[in-house]
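Colleague: I would like a close look at a single part of this model. Please keep it brisk.

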Amino acid sequence: MSAATQPTEAARHRRRRFKVDRDAEEWHGPYVRYDIVKEFTLALIVVLLITVVASILFSSPDVRPVTLRSWATANPVDFAQTAITELDGTSATAGYGPPYNSTPGVSQHIIGPISLESAFGVHHPINTMKDYVIDPLETLPNAPAVHAALTSYTSASPSLQQKWTGAYEKGVAKASFTNGSLTLPPGNYGPVAPMISSLTSMARSGALDGALVSSSQFYGTDYTKPLLFIANGTYMANLAAAEHLQGGQWGMMNETGSYPGQAWLWLYTMWYQISPFTTSSNADAQVWAIMMILTLALALVPFIPGVRSIPRRVGLYRLIWRQHYRSVEAGAGTGSGGPPAAAS
Amino acid sequence: MSADTAVPAAPATGAPALLPEDADQWTARVRRRAVGAFPPERLLPDRQPAYVASWIYVFGVLTLTSLVVVLLSGAVLALEGPSWWHQSSVGLFVNSTHLWSVELFFFFMVVHLWGKFFMAAWRGRRRATWVTGVVAFLVSIGTAFTGYLSQQNFDSQWIGTQAKDGINATGAGAFFNVLNFGQMLMWHILLLPLVLGLFVVVHVLLVRKRGVVPPFPAKPAVVPALATEVAPVPSAAAAADEEIGEQR
Amino acid sequence: MPILSADQAASRVFGAVVNLGKPGTYLHWGFIQLSLANFVLIVVMIAVFLAAILLPFPHRGGPRS
């Protein structure tokens, strides 16, 4: 800014009425010694010390991830119960809508007809029947019985498929796992029973983990498919509940074990604990919208009359600047604290 | 001092002085504006107003130095790659320093935010300082979030499968896939730190430019009728600024 | 139906003087649920904030301009 334009801008500013919550007087008072580089260095040393001490004392958490293998090994019945819903399209992922598929009418709405979710479409397409059951089973070598079952299933009419999967869903609710295999009450499951049993064995062997991660390329870094499958079951959810990580447990703020978590997310997760968000099917969209508004308000505090006058009304500043106010009262300092007539 | 056509004195390094015909160069203009806004005494002051006399003022620099430790520990983690800390006890220790420096970073930043709020630190043309601070806070939350997603353990599995619903509800899930480890890691170590760094730099430069916010007027009844400019840092350049600004 | 707790799920917290890998303690007030660790952190933050405001700051001398 050149000297030529400075007075003009200054004059423009000077014409505004002084608002104590928005403006500040020039400081004409005393300055004191200040070593900014020393301050930075000391702060850095302090932070390094605390960090290293905390790391030695507490280390950091590293709970092993759930795999399809660990899940199907620990709870094969739950795995089978989830697998059948992937096959018949009733799982959470199958009926999710965008970005995984285009199930109509399931997208979350912020309010009324406004659904950003639908607007952006299906970018990570997942066909649960194919991706989670049919395709992995087809990779199995030396399994003629499975391939025969697959052919039988895929060539059947949709209504016959539904008959089989419907019966299996009912049966697997009462299933048990004995001697390394699933045991269901008698029923007309058709080829679905050997398919799900094979898939369960495949999961227990670890082959399903590999099949799902490398389904598109060798060097996979995208774990969407296996993670959604795991999340549709109850195994991971139960582990999370034991760690107080569930949404209804203020889980967003928490960490595994006794570690501190993310206390700064308290306001975000709070909404999920109160009505009507506890029961709303659009809770995610609604809470996000509320947080966006509050976040904007935080950023714009200086512009919001009433909010920006809270600091002055509360008066905590009197403690912070008490040395300054004392020296003003004593008549020593002549900065912005004193009446204009006394300004030097 | 910084008139358009004036030729500044030759710098101490002995490089040739700016010739009048070069004054309209982009380089010359950028340099003039930069040095005009941030003369060395303003960038690295050795004096500060006497009212800066409270421990609350150290939380800005504590936040900044915590961020430095976060970046350093993150850099060491990057040296060995994302699976190192699961396999090596040294790696686990470095991961711990990354976690605890992040906890310290948020701790100090929130105390700094509380302090700045109760001082109404946006006063006197410091609103941009406040806004960039809040944005830095938000970007930090995003950076931490992608960090938690990059842990490749149970925690990141859970956080990803839970967070996806909120993000999908906004439509952003089409582009920002929290279950895609590769994407989340790259956002965490490159994109978000760059954005955060940018806002932190702007925030700190604004603090240097405007100076630390002065206290509220001591006697509320006796406030100036008109708003004036912000207090400059005492220096040769600033003294000249003051002279011009004093013409009421 | 065996459910593995975090401890059993082979969580790797070794080399720590204080083992924070054990299941955490949680405090409840009405609809509020807070982990002990987070609670301690928040209390310390408030304490540090108040200390920062209340503790006397050494009066820096030096020539006044």
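Colleague: Among the elements of chain B, which has the lowest mean pLDDT and which the highest?

Modeller: This is a predicted model, where local features need pLDDT of at least 70, side-chain atom pairs count only at pLDDT 80 or more, and totals for chains, interfaces and linings use all residues. Residues are numbered from 1 along each chain as its sequence is written, chains are lettered from A and ligands numbered from 1 in the order in which they are written, and side-chain values use heavy atoms, with hydrogens and water left out.

Helix 9 of chain B (residues 236-245) has the lowest mean pLDDT among the elements of chain B, 45. Helix 3 of chain B (residues 59-80) has the highest, 98. Here pLDDT is the predictor's confidence in each residue, from 0 to 100. Helices (H or I, at least four residues) and strands (E, at least two) are DSSP runs, numbered from the N terminus. Residues 229-248 of chain B have pLDDT below 50. Beyond near neighbours in sequence, that stretch still has 37 contacts in the model, a contact being heavy atoms within 4.5 Å. Chain B has a mean pLDDT of 88, and 83% of its residues reach 70 or more.

Now the interface of chain C and chain A. Chain C puts 42 residues into the contact, and chain A puts in 43. Across this interface the rule finds zero salt bridges (a side-chain nitrogen of Lys or Arg within 4 Å of a carboxyl oxygen of Asp or Glu). Strand 2 (32-35) and helix 1 (36-54) of chain C each supply at least two residues of the side that touches chain A. Helix 1 of chain C gives the most to that side, with seven residues.
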